Amino acid sequence: MSKPIGERVLIKRDVAPEVTESGIFTGKVATKLNSGVIVATGDECKYVKEGESVIFVQNSGSVVQIDGEELLCMPEGAILIKLSSFKT
């Protein structure tokens, strides 16, 4: 896995499900949410670590393709909330 520089993080963005928990098909194209899981952190990150679920500022970061996977690269300061710590 690639490693971001400085205080930047790589985030795998969450995607809204096409079917609700009750089984109703929404008919929408996959919606990208402003939440995700941190997959890598730079050496200067102080507040977050790999595996943590976070909510970040909408439309922040740059979309990057790494090993065929679409990730967001953004500064640690664009993260608003840590939700929990777990690996996906």
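Let me begin with a question: which residues form a nonpolar patch on the surface? The answer is Val 57, Leu 80, Ile 81 and Leu 83, which together have about 360 Å² of accessible area. Please keep in mind throughout that this is a predicted model. Val 57 counts as partly exposed because its relative accessibility is 36%, which lies between the limits of 20% and 50%.

I turn now to the chain as a whole. It has six strands and zero helices, and along the sequence the pattern reads β-β-β-β-β-β. Of its 88 residues, 31% count as buried. The chain exposes about 5,800 Å², and carbon and sulfur atoms supply 53% of that area. Consider also the contacts with a separation of 6 or more: residues 24 or more positions apart account for 57% of them.

How are the strands joined? β1 and β5 run antiparallel, and four bridges join them. Within this pairing, Arg 8 has Pro 75 in β5 as its bridge partner. β5 also pairs with β4, again in the antiparallel sense, over five bridges. Here the bridge partner of Gln 65 is Glu 70 in β5. β4 and β5 form a hairpin with two residues between the strands, and in this hairpin Asp 67 takes a positive phi near 55 degrees.

Let us move to the interior. In soluble globular proteins, nonpolar side chains tend to be buried together. In this model, the largest nonpolar core has 11 residues in all: Val 9, Ile 11, Ile 38, Cys 45, Val 48, Val 54, Phe 56, Leu 72, Met 74, Ala 78 and Ile 79. The elements that give two or more residues to this core are β1, β3 and β5.

Met 74 is found in strand β5. Is Met 74 buried or exposed? Its relative accessible area is 0%, so Met 74 is buried, the limit being under 20%. Leaving out residues up to four places away in sequence, Met 74 touches Glu 7, Arg 8, Val 9, Ile 11, Phe 56, Ser 60 and Gly 61. The C-alpha atoms of Met 74 and Leu 10 are separated by 6.8 Å, although these residues are 64 residues apart along the chain. The other member is Leu 72. Beyond its neighbours within four places in sequence, Leu 72 has contacts that include Val 9, Ile 11, Phe 56 and Val 63.

With neighbours within four places set aside, Ser 35 is in contact with Arg 13, Asp 14, Val 54, Ile 55 and Phe 56.

My last topic is the salt bridges. How many salt bridges are counted in this model? The count comes to three.

In one of them, the side chains of Lys 3 and Asp 43 meet, with 3.5 Å from N to O. This pair links distant parts of the chain, 40 residues apart: Lys 3 is in the segment before β1, and Asp 43 is in the loop between β2 and β3. Asp 43 counts as exposed because its relative accessibility is 67%, and the limit for that class is over 50%.

Another joins Lys 12 and Glu 69, whose closest N and O atoms are 3.4 Å apart. Lys 12 lies in strand β1 and Glu 69 in strand β5, so the pair ties together parts that are 57 residues apart in sequence. Both partners are partly exposed, Lys 12 with a relative accessible area of 41% and Glu 69 with 28%.

There is also the salt bridge of Lys 82 with Glu 52, where the closest N and O atoms are 3.6 Å apart. Since Lys 82 lies in strand β6 and Glu 52 in strand β3, this pair ties together parts that are 30 residues apart in sequence. Lys 82 counts as partly exposed at 45% relative accessibility, whereas Glu 52 is buried, with a relative accessible area of 5%.

Thank you for your attention.

Methods. Residues numbered from 1 in each chain as written. Predicted model: local features only at pLDDT ≥ 70, side-chain atom pairs only at ≥ 80, totals over all residues. Heavy atoms only, no water. Salt bridge = Lys/Arg side-chain N within 4 Å of Asp/Glu carboxyl O. Buried < 20%, exposed > 50% of the residue type's maximum accessible area, 1.4 Å probe, protein only. Contact = heavy atoms within 4.5 Å. Core = buried A, V, L, I, M, F, W, Y, C linked by side-chain atoms within 4.5 Å. Patch = residues over 30% accessible without salt bridge, like charges linked within 9 Å, V, L, I, M, F, W, Y side chains within 5 Å. Areas by Shrake-Rupley, 256 points an atom, 1.4 Å probe, with all protein chains shown as cover. Pairing = 2+ DSSP bridges.
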